Amino acid sequence: MATGNPWSKGLGGHESIAGGLLRHLAVVVVSIAAIRLLYTIVKSVHGYRELWESNADGRLLAFLCSIAKDYEPGNNLYQYLLIGPRAYHILHPKNVEALLSTNFRDYGFGCRPAVFAPLLGNGIFAQEGAAWKHSRELLRKQFTRAQYQNLRHFTSTLRAGVDQAAENREFAESFNVAQEGLAKRFRLAPFHFFYNSASFHKACRIVHRFVERYIREQGLMENGQLLHGEKAVDSASWFIRQVAAESATETDLRDQLLNVLLAGRDTTACCLSWTFRLLVRHPQALERLRREVKSVMGDLSSPTREQIRRTPFLGCVVNESLRLYPPVPLNNREAVKTTILPTGGGPDGSSPILVRKGELVVFSQYVNSRRKNIFGADADEFQRERWETGELDKIGWAYFPFIGGPRQCLGEDFVLMEVSYTTVRLLQQYRTIELPEGEPNEPVGTERQKLTLVFSSADGCRVTVRRGRQSEAEG
Ligand SMILES: *[C@@H]1O[C@H](CO)[C@@H](O)[C@H](O)[C@H]1NC(C)=O
């Protein structure tokens, strides 16, 4: 019975009581910790599920906007409760500037190179440090040169899109499959190795072989190709030949070319199709644009750079399209050392925030564009005139469809010209472009979307067109 009575143990009994209490306390503490952990995991799983499901019905970005809304009117950051490292979603332009420019060196891509490697190998999107600097310098030179060229090369691009040989089609299809695979791996981030399907790797192989065959057919790795021969004069292949001249191996060249293709192909296509989706849903804007194009270049078949610069309303339309539908709507960085974000912390959200090494910072032009305290009460609307009132003159780091800072998109000028040129040509070729009867005309941002690395409308961009020049229509 003595064992049942702690007092019978004398001093030892006291220890035992104290020990028992401690143990009890420890159990309580551990249980609380376990419950909290469980809660965090359940919340995380719930968070993941919400993320996953919202993406499955094409509503991931709307979901991110809805959680960012809780932080109106301050532009604070949101901390995701996900498994893995802490992740902040930054909204404040000062934080975007710190991440992409001022404290650029404190951040890296984390596991992105490994995620992208099967398709993109050792190209600019997967590189950091010295290798990235080398690629950037190499590609920058070619883009700068492209700025002095006339716009004829866009014509051949337009035609190439129309008549694709079967082999081209296989390449295009594989490129899509491979890109979707990359997007899936990207979303799984640290667990990317789970996504390694045979179809993904097969698609990467087909894409690689296609580019390698092209390199050999064109003799791109052979010395002396650069300076003589008819082909060297053709402006469309000039870019490729210059990159070839500075690539050490066929694989290096293949990787660079694929990176440029990835950067330029789908982003531009997304921008164009969102722009036309918006235009057919806003016929007054389309009419005004037609009038501007007609007054500056009439029905000329090939607008020049100079003429495109004299179409400011076209610039407003493209800017507004990129604001509402930035082709890369969601992006992130990983801290490579402990650093700070200048604002968003403390009780009133104005103190700096500590970001530890290994933590993630997510940024999204799509979400930021819909912040009413940045773009005003009509932030959700296609309000192209906002670009001509002067209210956005100091917009700074609230508008970053081309990133900015040391990793600013090299193709910015190129793609703006390509989109403008193509828009002008389509307006000149079709005297009417309008929303087909019965096609849904839902408010901006509520349509179904498809998010891979870029994002597009899940229902495509359907329009009704009638051929004939503007003047014929009027005549
Ligand atoms: C479009 O946005 C850029 C900022 O990225 C700005 O410099 C430019 O002036 C804008 N264009 C128009 C026509 O407002």
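The chain in this predicted model averages a pLDDT of 83, and 77% of its residues score at least 70. Of the elements in the chain, helix 13, residues 312-324, has the highest mean pLDDT, at 98. Helix 17, residues 470-474, has the lowest, at 44. Over residues 470-475 the pLDDT is below 50, and beyond near neighbours in sequence the model gives this stretch nine contacts. Another stretch, residues 227-232, stays under 50 too. For residues 227-232 the model has four contacts beyond four places in sequence.

Next, the overall picture. The chain has 475 residues, and buried residues make up 30% of them. It holds 17 helices and eleven strands. If you take contacts between residues at least 6 apart in sequence, 71% of them join residues at least 24 apart.

Which residues of helix 3 are buried? Helix 3 covers residues 93-102, and its buried residues are Asn95, Val96, Ala98, Leu99 and Leu100. They lie on the same side of helix 3, because they cover an arc of only 170° around the axis. What do these buried residues pack against? Their partners are five strands: strand 2 at 87-90, strand 3 at 107-108, strand 4 at 331-335, strand 5 at 339-345 and strand 7 at 360-363.

Stay with strand 2 for a moment, where His89 is found. Is His89 buried or exposed? Buried, because 22 other C-beta atoms lie within 10 Å, and the cut-off for buried is 20 or more. His89 and Asn331 are 242 residues apart in sequence. In space, their C-alpha atoms are 9.9 Å apart.

On to the ligand. Which residues are around it? They are Pro312, Gly315, Cys316, Asn319, Trp387 and Tyr399. That shell divides into four nonpolar residues and two polar ones, with no charged residue. Pro312 in this list is also a residue within the range of helix 13, 312-324.

Last, a single residue in a loop. Ile403 sits between helix 15, at 372-375, and helix 16, at 412-429. Its phi is near 65°, a positive value in a residue other than glycine. Ile403 has 17 other C-beta atoms within 10 Å, so it counts as partly exposed.

Notes:
Residues are numbered from 1 along each chain as its sequence is written. This is a predicted model: local features need pLDDT of at least 70, side-chain atom pairs count only at pLDDT 80 or more; totals for chains, interfaces and linings use all residues. pLDDT is the predictor's confidence in each residue, from 0 to 100. Helices (H or I, at least four residues) and strands (E, at least two) are DSSP runs, numbered from the N terminus. Two residues are in contact if their C-beta atoms, placed from the backbone, lie within 7 Å. A residue is near a molecule or strand if its C-beta atom, placed from the backbone, lies within 6 Å of it. Ala, Val, Leu, Ile, Met, Phe, Trp, Tyr, Cys and Pro count as nonpolar, Asp, Glu, Lys and Arg as charged, and the others, Gly among them, as polar. A residue is buried if 20 or more other C-beta atoms lie within 10 Å of its own, exposed if 12 or fewer, and partly exposed in between; C-beta atoms are placed from the backbone. The arc is that of the directions from the helix axis to the C-beta atoms.
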